[in-house]
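The sequence and the structure are shown first.

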Amino acid sequence: MSAQPRRAVVVGAGPVGCLSAIALAKAGWSVSLYEGRADMRLPSSKAAAQQRSINLAISHRGLAALEIVHPGAAQRFLQAAIPMRGRMIHNPKGSLDSQLYDKDGQCINSIDRALLNEGLLEEVSTFSNIRIFFNHKVISANFDLKTLTVHDAMANEDHIVDFDFCVGADGSYSIIRRQMMRVVRMNYSQEYIRDEYVELKMPAGRGDNGQPTFLLDPNHLHIWPRHSFMLIALPNKDKSFTCTLFAPSVELDRLDSAGAILAWFKSHFPDALEIIGEKDLLNDFTRNPRSPLICTKAMPYHYKDRVILLGDAAHSMVPFYGQGLNCGLEDVRVLSALFLQEGIEALSLGRSDAVDEHLASALNHYSENRHEDLVAISNLAMNNYVEMRHSVVTLSYLFKKTLDNILYSLTSRQISPLASLVPILSRIPFPPGVSGAWLPLYTMVTFRPDISYATAQKKAERQAKILTGLGWASVTAVGLTGAWLTRIAWSVLV
């Protein structure tokens, strides 16, 4: 009897689940992809999808994962994206300040969440060894028996599904994670931050020829920092901008009437209000939901050789570093590299209850080594909120950023193109050794997928101490120079 491909189930058909299914299918597994919602590509699903549309900022980590798992996919998705070279700060008095992300012109890319997810579903659909089950919600799992209980909403009946390996990519409120807690001593924390967000839309303008045109510079991520809250805007292909207001719940509670909403926006975001328009603002603000921001952490992410958590199921984070999607896609790349190193076989090894030691080793290695990175980026994302809503307009931030960029320019060599990193990142999660050159934290997190999040955080902390020292040295030098000049002036006057 010939060996048969082993059965993998992937729970959740978001970007991380889709990429996981592709990675397993290309490795030879027979894959079933389960999604509790309807197919988002159907017209009937479009309205619901628009209720959660914080644009995604895909950068080098996500692009590397796409290119490694499914060559060519990254370039196809970039055709639907808009490059953003930096932040455009909108000051309260109406002045603008462009802060580039990278001295070499590297960009992050604004892409519509639905377009990316639909595109990945189309890619999944081309694989003969992947079956997609929409409207199929997992309601329980037995990882020792290797079975899932799945509810088919269309037939209104439950099914028992057998598997050899399960990937939980079913988001922040993951059923797979909850089921794992029954058999794993999992450390788990969940935190809702004080702020919520509301989605708004900034329409396209009309050019002289009547064609749609951008009303703001499309190659920037626009930020209106207002100390304890902020508004951001990301460009879309149709020349509109997706705007998101982040503010404390108590602040939003006060905006309980049309008059209060308009007065508040006129006070804090007059230029944005003028572009959006009072009618459209009121319509979006009152119709669109106020959504919470959640941060979750878990450990471990696996159980034996049976199951692994990836993406938001393992590590929900706030969106302020633009790394939620990138980190989730990187999870898939890291796990694929570990599978390659362990020589994981996709063909059946015989008894279904036997533990595959190589697979168990790969999953254990993932839990032990990925955890530090995931905690690091979660914390960095939270810290970046303070930077975006307040620090970007302070003199101390601008001074340190200037020093950061000067040292980066003086010590760094020519950048390594993403394409040059792909071969090694397909085999090794993160190559050992980090350049001794000065590297800004944002550059390491966003444009260096060969540097793990934890390594980037540690290097940035060391560099921050140096910057603080240079700052005090500069202040001291200025003070001494001023004292010397004062003494000379006094001696001349006397």
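## Cavity

A cavity is, on a 1 Å grid over the protein atoms alone, a set of points where a 1.4 Å probe fits but cannot get out, whereas a pocket is an open set with protein on both sides within 12 Å along at least five of seven lines; lining residues have an atom within 4 Å of a point. Grid points are joined across faces, edges and corners, and a volume is the space filled by probe spheres set on the points. The model is predicted: local features need pLDDT of at least 70 and side-chain atom pairs count only at pLDDT 80 or more, while totals for chains, interfaces and linings use all residues. Residues are numbered from 1 along each chain as its sequence is written, and side-chain values use heavy atoms, with hydrogens and water left out.

One cavity of 30 Å³ or more is present in the structure. The space in the largest cavity amounts to about 40 Å³. Its lining consists of Thr296, Lys297, Ala298, Tyr301, Ala314, His315, His371, Leu374, Val375 and Ser378. Strand 19 (291-299), helix 11 (312-315) and helix 13 are the elements that give two or more residues to this lining; helices (H or I, at least four residues) and strands (E, at least two) are DSSP runs, numbered from the N terminus. Helix 13 provides the largest share of the lining, four residues. By class, five lining residues of the largest cavity are nonpolar, four polar and one charged. Here Ala, Val, Leu, Ile, Met, Phe, Trp, Tyr, Cys and Pro count as nonpolar, Asp, Glu, Lys and Arg as charged, and the others, Gly among them, as polar.

## Second largest pocket

The second largest pocket holds about 930 Å³ of space. It is lined by 31 residues, of which Glu387, Tyr397, Asp404, Leu441 and Tyr442 are the closest to its centre. The lining comprises 13 nonpolar, 10 polar and eight charged residues.

At least two lining residues of this pocket come from each of strand 6 (96-100), helix 13 (357-389), helix 14 (395-411), helix 16 (441-447) and helix 17 (453-493). Helix 14 contributes the largest share, eight residues.

Strand 1 (residues 7-11) is largely enclosed by the rest of the structure, because four of its five residues are buried. Buried means under 20% relative accessible area, exposed over 50%, and partly exposed in between (1.4 Å probe, protein chains only).

Strand 1 pairs in the parallel sense with strand 2 (residues 30-34) over five bridges; two strands pair if DSSP finds at least two bridges between them. Strand 1 also pairs in the parallel sense with strand 12 (residues 165-168), over four bridges. Val10 stands opposite Leu33 in strand 2, and the bridge partner of Val10 in strand 12 is Val167. Together with helix 1 (residues 15-26), strand 1 and strand 2 make a right-handed β-α-β unit; a crossover is right-handed if, with the strands pointing away from the viewer, the path from the first strand over the helix to the second runs clockwise.

An open sheet of three strands has the order 3-7-4, with antiparallel pairing. Strand 3 (56-58) and strand 4 (82-84) are at the edges with a single partner strand each, so one side of each is left without a neighbour in the sheet. Strand 3 is joined to strand 7 (residues 108-111) by three bridges, and Ala57 stands opposite Ser110 in strand 7.

Strand 10 (residues 147-152) and strand 11 (residues 157-162) pair in the antiparallel sense over six bridges. Leu148 stands opposite Val161 in strand 11. The hairpin of these strands has four residues between them, and Asn156 takes a positive phi near 55° there. Asn156 is exposed, with a relative accessible area of 60%.

## Other local backbone features

Met299 and Pro300 are joined by a cis peptide bond, with omega about 0°. Pro300 is placed in the loop between strand 19 and strand 20 (302-303).

Lys304, which is not a glycine, has a positive phi of about 50°. Its place is in the loop between strand 20 and strand 21 (307-309), and Lys304 is partly exposed at a relative accessible area of 38%.
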